[in-house]
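Please look at the sequence and the structure shown here before reading on. The report is meant to be read alongside them.

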Amino acid sequence: MNERTARLRQASLEAVPTISSERAELLTEFYRDNLGRCSTPVLRARAFLHLCRHKSIWIGDGELIVGERGPRPKAVPTYPELTCHSLDDLKILDSRPLTSYRVAPECLAAYERTVIPTWSGRSLRDRMMALLPEEWHAAYGAGVFTEFMEQRAPGHTVLDDKIYGKGMLDFKADIARAAAALDFERDPAALDRREELEAMAVACDALVVFAERHAELAGRMAAETADEARRVELLRIAEVCRRVPAEAPRDLHEALQHYWFCHLAVITELNGWDSFCPGHLDQHLWPFYRRGLADGSLTGASARELLECFFVKFNNHPAPPKVGVTAAESGTYTDFANINLGGLLPDGSDGSNELTHLLLDIVDEMHLLQPSSNLQVSRKTPDLVLEHALKVVRNGYGFPSLFNADAVVEEQLRQGKTLEDARAGGCSGCVEVGAFGKEAYILTGYFNLVKVLELALHDGVDPRTGTRLGPATGDPAGFTRFDDVFRAFEAQLRHLVDVKIRGNQLIERLYATEMPAPFLSVLTDDCVARGQDYNAGGARYNNTFIQAVGIGTITDSLAAVKKLVFEERAMPLAQLVAVLDADFEGQAPLRARLVNRMPKYGNDDDAADDLMVRVFRTTFAAIDGRPNTKGGAYRLEMLPTTCHVYFGSVCGASPDGRHAGVPLSEGISPVQGTDRRGPTAVFRSAAKMDHIKTGGTLLNMKFAPSLLAGDDGVRRLAHLVRTYFKADGHHVQFNVVTAETLREAQVDPEAHRGLIVRVAGYSDYFCDLSTALQEEIIARTEHGDF
Amino acid sequence: MSVTGPTGTVFNVQRASFHDGPGVRTTVFLKGCPLSCPWCHNPEGIAAAPEVMVNAARCLECGACAEACPREGGPLPAGARLGSDGCLACRACVGACPTGSREVAGRAWSVDDVLDTVLRDRLAYDTSGGGVTFSGGEPLAQAPFLLACLAACRSAGLHVAVDTCGFAPREVVMAVAARADLLLWDVKLLDAARHQAVVGVPLAPILANLAAASATGVPIWLRVPVIPGLNDDDENLRATARLAAATAGVRRVNLLPYHRTGSGKVGRLARTWAMDAAVAPTPERMCELAELFGQSGVETSIGG
């Protein structure tokens, strides 16, 4: 970082997240005056234009890349047409200790005066909740699944390279061509398409207006500043904002600003789930970078400065908070913008370049909460690139995560995408795969596998509430074989997946008809060509994903039931269920036995892993390929974000020895502390799942810094990553543990059994070491002296 | 598991081991060692016969082991030899223990058992240039089993290393040298009298074996534990560096700083740790020593 970018970074870190009512007020005013005057798509586009015309514009001191979603950095707008916060919501957001958002009295007043009276009972969420059937509410309320789109619009989407060769005027020309080709005689949807296309054209105009206002402000600021150097910069900013996004960018500065305007447009139009991402940033920017260096308009230092200014912009944009929040809920500011590095070019060759290294350096040096970053590792990715990424990982910020680019391609081919589209795709959010710029890949919510097993052990009734959530699959006292248990699980699973999907079909249609996204549609192939909205099936590919959570916990639970009840015949199933219902009260030795002496997923033990595969296949069969409302299909992903904590809180004790309320296993990682045979055994276990059939899996691993020390340590880790990826593993991220974690492991060894530390020429499980040796290692870790 | 050849007593298999040869490795620990080094970090590997280990800190005192045990007087205490003193060696106590606090170090493995386990990480070996390491204890003390394992691993295309103290009959050493891809050869003390006194066996046959193994052309990595107060004096280490330089087969020296991982396991065997006074050498001292060895012209690294 230079002095400027260090200052911008610091300002971003220090900026306090606030709630801004500006968008809500502008939108409310617009709807009041315009509702009913035009079709819904055009209304949405004009609403966006209204926002672009009237929202406050911000150009921060020293900024080179400009534009904020709110009136200033970290001022988060609200989207009352989707979800209308109550006054209580706002007060809780303002006062809760974690991930709070300051709410000014004027904001509260505006909400009370106009926003709430206008939208309460009329927001999309209110309508959705009224329309969703009782079966959905019961399962949702019990924590069987979550639903992303009850809070935020379909999002989670990523841009390809199309904007780097086109400006809004070019897109408008495409739109005009599509409109001219409409066949009003033979195509019964032609009128709808015309409305969609008109809306897209208005949305393009809106963004040009928004940029023009930045140009004007920069010009005014230039005239007023006494600082000559800043005056030159502001004039340059004005020039850039007059060029992009109207026309295609010509250099790195314009390219970054062009993307950033598009980014702001997408997240202003609707509050799309999981932000918006630039895709393969190193690949997309490479022509501008190379050309700039060659013609002398750019230096390594100036390129780095621009990129760092760009990174700070992401950090200025915390996630919009939910409605219906509780004081205890922590949430996160992260909005999951995730930058892809490396990977493959559409022609199948290695996609990494010098910019990959520069961006890795920036990730390392800035270590901002946002944007997140990942390296797509293909067979062709040079070791040099992988090892560079691992050196960044070693510093312990958790960035970048690592993806198997070859698996990402295969996963997409299985879903029927073209090879080129698959290669140009990648990952966004946490680990989710999509065809960048060509797909609406909608995450619909997490699915609690452990809760489903709990229902199978209670004849379909939730033991916490006594409410029936699933079919009557029989009293476990009557289960004479392990297969009876599994069959009950499968019946519950199928029923609850049906409930989830029936709900989602309704939600998808609500967004398709009520909340089109004309600007996002401009950026997503083939919405323009089809004259169809992103939310209504206009994208080339339309996958709807359900994220299964708790595979480790359910695998260990089934393995314990199988061994203890049906193999050792140590106790009848009904008795075990009673022990679980009592949360192991008075049963410490039995619980210890379940924790320590049963087969555990993550140890390359087929006794457990075969059950993991069986659960995976059953879940896959219940979900994959079922049609959604957009011409696409439902797909399975295996990731939790932080939902394993919530899902654990709604589940009673489980047969793996987990106490009631304790978090479930996360992603496809083993239950915390149960992997005892080292990283290769974890990889082997995890790879027994057919990752290629998913839309993403998430594996977390913990290492002590000592294990990764020196070039040897980095190479070692690179070998492990390549090994996992050869076995079709989709993703892995490494947490390099800190001394603090080691302290926690001393206090709670059970949760940290799998933690490996390098002693000295020797590795061991930390919890197995003597206290004195543990202290020695903590001391070394704290000093980072390896 | 079918038993097609000799069986051996194995007390641990460590997968994803990074410190016993090149690449990602699986290390198979064979039980029984003729030496008795007081700093041994695998004290449960010294005796040839299976032994009871009890991790008192994890014991719930629930009595499950006593209930399961057919022996009059209940399960054997920590440190006892399995099958001794009326024990039926049924291991029911171990199976009954809910926490795993009660273990038996040492179990009979067939060559197929070994192969089934080590082949699981073939992809990691292929990717990293790794393989299998036989360690101990002293693996050469179970020569028929070791040689059968080496042959089986070799025919499966795996890189095989053997970690030895070198104290074994010459013909065993030569047979192992002929079948292994790499020998990890431990050298502790080069003063014959001190060697005999500290580790309990004579030095001369070890040095003669080293020379003979070196002459076969098998690559050797000398492994030198640095034990404060016992062998870390300059004189001993200079002599070791000279030996490394003078032995043609030696490609590398690993200096292994003393650590106390063995202390916990000694407790589980109800023995006492004889090394309480020793403290780990400082990183600075290790760097000095690495330099000293480096000057002798042999590639030297700290740690495995």
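This is a predicted model: local features need pLDDT of at least 70, side-chain atom pairs count only at pLDDT 80 or more; totals for chains, interfaces and linings use all residues.

## Domains of chain A

Chain A is divided into two domains: domain 1 covers 3–79 + 85–120 + 152–437, and domain 2 covers 124–151 + 438–696. Between the C-alpha centres of domain 1 and domain 2 of chain A there are 32 Å.

In the contact of these domains, domain 1 of chain A takes part with 51 residues and domain 2 of chain A with 42 residues. On the side of domain 1 of chain A that touches domain 2 of chain A, at least two residues each come from helix 3 (40–54), helix 8 (168–180), helix 9 (190–224), helix 11, helix 16 (405–414) and strand 9 (432–434) of chain A. Helix 9 of chain A supplies the largest share of this side, 9 residues. Sorted by class, the side of domain 1 of chain A that touches domain 2 of chain A holds 31 nonpolar, 6 polar and 14 charged residues.

## A sheet in chain A

Chain A contains an open sheet of 5 strands with mixed pairing, and the strand order is 5-6-7-14-13. Strand 5 (338–342) and strand 13 (700–703) of chain A are at the edges; each has a single partner strand, so one side of each is left without a neighbour in the sheet. From one strand to the next, the twist averages 30°.

Within chain A, strand 6 (residues 372–377) and strand 7 (residues 401–404) run parallel and are joined by 4 bridges. Opposite Asn374(A) stands Ser401(A), which belongs to strand 7 of chain A.

## Two packed helices in chain A

Two packed helices are described by the angle between their axes and the distance between the axes. For helix 10 (residues 228–243) and helix 11 (residues 252–269) of chain A, the angle is about 60° and the axes are 10 Å apart. Helix 10 and helix 11 of chain A are therefore oblique to each other. The crossing in which helix 10 of chain A passes helix 11 of chain A is right-handed.

Which residues make the contact of helix 10 of chain A with helix 11 of chain A? Helix 10 of chain A contributes Val240(A), Cys241(A) and Arg243(A), while helix 11 of chain A contributes His253(A), Glu254(A) and Gln257(A). By class, the residues of this contact are 2 nonpolar, 2 polar and 2 charged.

## Domains of chain B

Chain B also has a domain division: domain 1 (7–48 + 107–302) and domain 2 (52–104). The C-alpha centres of domain 1 and domain 2 of chain B are 31 Å apart. Their contact involves 5 residues of domain 1 of chain B and 6 residues of domain 2 of chain B. The side of domain 1 of chain B that touches domain 2 of chain B consists of 2 nonpolar, no polar and 3 charged residues.

## A sheet in chain B

An open sheet of 9 strands occurs in chain B, with mixed pairing and the order 5-1-2-6-7-8-9-10-11. At its edges stand strand 5 (107–110) and strand 11 (299–302) of chain B, each with a single partner strand, so one side of each is left without a neighbour in the sheet. Direction ignored, neighbouring strands of this sheet are turned against each other by 30° on average.

Over 4 bridges, strand 1 of chain B pairs with strand 5 of chain B in the antiparallel sense. Thr7(B) has Ser110(B) in strand 5 of chain B as its bridge partner.

## Two packed helices in chain B

Helix 3 (residues 111–118) and helix 5 (residues 143–155) of chain B cross at roughly 40°, and their axes come within 10 Å. That makes helix 3 of chain B oblique to helix 5 of chain B. Helix 3 of chain B passes helix 5 of chain B in a right-handed crossing.

From helix 3 of chain B, the contact takes Val111(B), Val114(B), Leu115(B) and Val118(B); from helix 5 of chain B, Ala148(B), Cys149(B), Ala152(B) and Cys153(B). This contact has 8 nonpolar, no polar and no charged residues.

## The contact between the chains

Chain A gives 32 residues to the contact with chain B, and chain B gives 31 residues. Strand 1 (7–17), helix 4 (122–128), strand 10 (250–257) and helix 10 (261–268) of chain B each supply at least two residues of the side of chain B that touches chain A. Helix 4 of chain B gives the most to this side, with 4 residues. By class, the side of chain B that touches chain A comprises 13 nonpolar, 14 polar and 4 charged residues.

Note on methods
Residues are numbered from 1 along each chain as its sequence is written. Chains are lettered from A and ligands numbered from 1 in the order in which they are written. Two strands pair if DSSP finds at least two bridges between them. Axes are lines fitted to C-alpha atoms, for helices over the stretch in contact, and angles run from 0 to 180 degrees between N-to-C directions. Two residues are in contact if their C-beta atoms, placed from the backbone, lie within 7 Å. Ala, Val, Leu, Ile, Met, Phe, Trp, Tyr, Cys and Pro count as nonpolar, Asp, Glu, Lys and Arg as charged, and the others, Gly among them, as polar. Domain bounds come from an automatic or database domain assignment. Angles under 35 degrees count as roughly parallel, over 145 as roughly antiparallel, 65 to 115 as roughly perpendicular and the rest as oblique. A crossing is left-handed if the near helix is turned anticlockwise from the far one by less than a right angle, and right-handed if clockwise.
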